[in-house]
Every structure is written in structure tokens, then in C-alpha cells.
Amino acid sequence: MARPMTRTQLRSEVYVRLAESSGFFLDAEINQWLNDGVDDVALSVEPIIKTITINSMPNIVEYPVPDNVVSIKQAYYYNTVSTNWQKLTETTFEDLFNANPGWEDDRDTRPSRWYWQGDRMGLHPIPNVGVSGGIRLLISERPPEMTADTHFTGLPSWLDRAVVLYAVYRARLKDRDEQRAAGA
């Protein structure tokens, strides 16, 4: 298998492993299973690590996080007084509420904690000043979906085989061959 593999090459490899050419398994199904495999690998292994920067705004509690974020590994806030990045301590929305039901009223020049809830991350105490590019997050993300046959998985190429095996697994389940699915 050449790496990285295009969606066409991935799909062909699935057919080879199934000893099929077409018919019972449709290209559209295999394409979906390949994308599902990319998601499964991205969620399990978290191989794509990046940083994102967000502008902090005065008196804003929460900030949107891109849809493709799998997890937030670390959060930093730029301290304009000491002119350096300070690591924030991870907390939860529930812990903030348990410590102080009125925590949304806490203000300071810089936050010390962060939480992640759904599609947004929040700061505590809430900054009362804005800092351009003041929030830096180290995240893992899922790659974009393969929508064309020339697209790659977006994962490190050594994970292409895992994506193929996931699609083979799903194909075996469709074929009601649970024993061979377990082998995949």
C-alpha cells in the first residue's frame, strides 16, 4: 500500500480485503465507512495536535470552539502585566457552580481556570479586559471528511491501514459475518 492513500486507493484496498469487486458492497457505503473510520481513529488516538488562538473580550465568559475539536489538551492566557503566557487550570462548569453558585459574577484582569462545555470553552474568573490573541489552546482535532476520490484521510499516513480495517469491519457486519468482523 502506497501512503498516503487517496479515498479511491483506500476503497480499492477494502475491496481487495473483502475479496469483492462490487455488487453487495456499494462504493457510497464504503466511502461512508472510510470516513467513519477516520473519525474513529481521530477520536481514539487523537493524532492531530494543533494550537488555536482566540481573542479574549472584556466580560465574556465563554468562547466558541471549532466543530472539529476532539479535545482541549491545555489552555493558556496572555498576562499583559507580566507579558507572558500563564497556564490555566482545567475545571468543570459543575465545579465552578459547586464552589460558588454566583461564579459568573467573578471578574479579574486575567483568568486562572478554564472549562470546556459542548461547543464552547469558558474562563474563570471572567476577564474584565480584552486581549487580542489572549487565549491559546492546544487541541486535538478530527480532519475534514473525504468528499472526493482524490482526498486523503488527513491523518498521519501510518493510520491509513486502520481506516481500511475499520471499513472492512463494517462491511463484515453488513454481511452478518461477526466472526470475520472481529478479525478485522
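Which residues in α2 are buried? In this predicted model, the buried residues of α2 are I30, N31, W33, L34, N35, G37, V38, V41 and A42. The cover over these buried residues comes from several places, including α1 (7–18), β3 (69–79), β10 (131–141) and α4 (160–174). Helix α2 covers residues 27–45, and at 1.5 Å a residue its 19 residues should span 27 Å; the C-alpha atoms at its ends are 26 Å apart, which agrees.

The chain has a mean pLDDT of 90, and 93% of its residues reach 70 or more. Among the elements of the chain, β5 has the highest mean pLDDT, at 97, while helix α5 (residues 178–183) has the lowest, at 64.

In soluble globular proteins, nonpolar side chains tend to be buried together. Here the largest nonpolar core holds 21 residues, of which V14, F25, I30, L34 and L155 touch the most other members. Helices α1, α2 and α4 each supply at least two residues of this core. The largest share, six residues, comes from α2. Leaving aside neighbours within four places in sequence, L155 is in contact with V38, V41, A42, P47, I48, P143 and V163. A second, separate core has 16 residues, among them I52, I54, L123 and L137.

Next comes a sheet. Strands of a sheet pair through backbone hydrogen bonds, either parallel or antiparallel. Strands β7 (residues 113–117) and β8 (residues 120–124) run antiparallel and are joined by five bridges. Within this pairing, W114 has L123 of β8 as its bridge partner. The hairpin of β7 and β8 has two residues between the strands, and G118 takes a positive phi there, near 65°. Strand β8 also pairs with β2, in the antiparallel sense over three bridges. Here Y63 has M121 of β8 as its bridge partner. Four of the five residues of β8 are buried, so this strand is largely enclosed by the rest of the structure.

Another edge-to-face pair is made by F93 and W103, at 5.5 Å centre to centre and with 90° between the planes. F93 lies in helix α3 and W103 in the loop between α3 and β6 (107–108), so the pair ties together parts that are ten residues apart in sequence. Are the two partners buried or exposed? F93 counts as partly exposed because its relative accessibility is 31%, whereas W103 is buried, with a relative accessible area of 1%.

Helix α3 (residues 93–99) also contains E94. This residue, E94, counts as exposed because its relative accessibility is 56%. Along the chain E94 and Y115 are 21 residues apart, and their C-alpha atoms are separated by 9.5 Å.

Conventions:
Residues are numbered from 1 along each chain as its sequence is written. This is a predicted model: local features need pLDDT of at least 70, side-chain atom pairs count only at pLDDT 80 or more; totals for chains, interfaces and linings use all residues. Side-chain values use heavy atoms; hydrogens and water are left out. The expected span of a helix is 1.5 Å times one less than its number of residues. Buried means under 20% relative accessible area, exposed over 50%, partly exposed in between (1.4 Å probe, protein chains only). Contact means heavy atoms within 4.5 Å. Two strands pair if DSSP finds at least two bridges between them. A nonpolar core is a set of buried Ala, Val, Leu, Ile, Met, Phe, Trp, Tyr and Cys residues joined through side-chain atoms within 4.5 Å. pLDDT is the predictor's confidence in each residue, from 0 to 100. Rings of Phe, Tyr and Trp (its six-membered ring) pair if their centres lie within 6.5 Å; planes under 30 degrees apart count as stacked, over 60 as edge-to-face and the rest as tilted.
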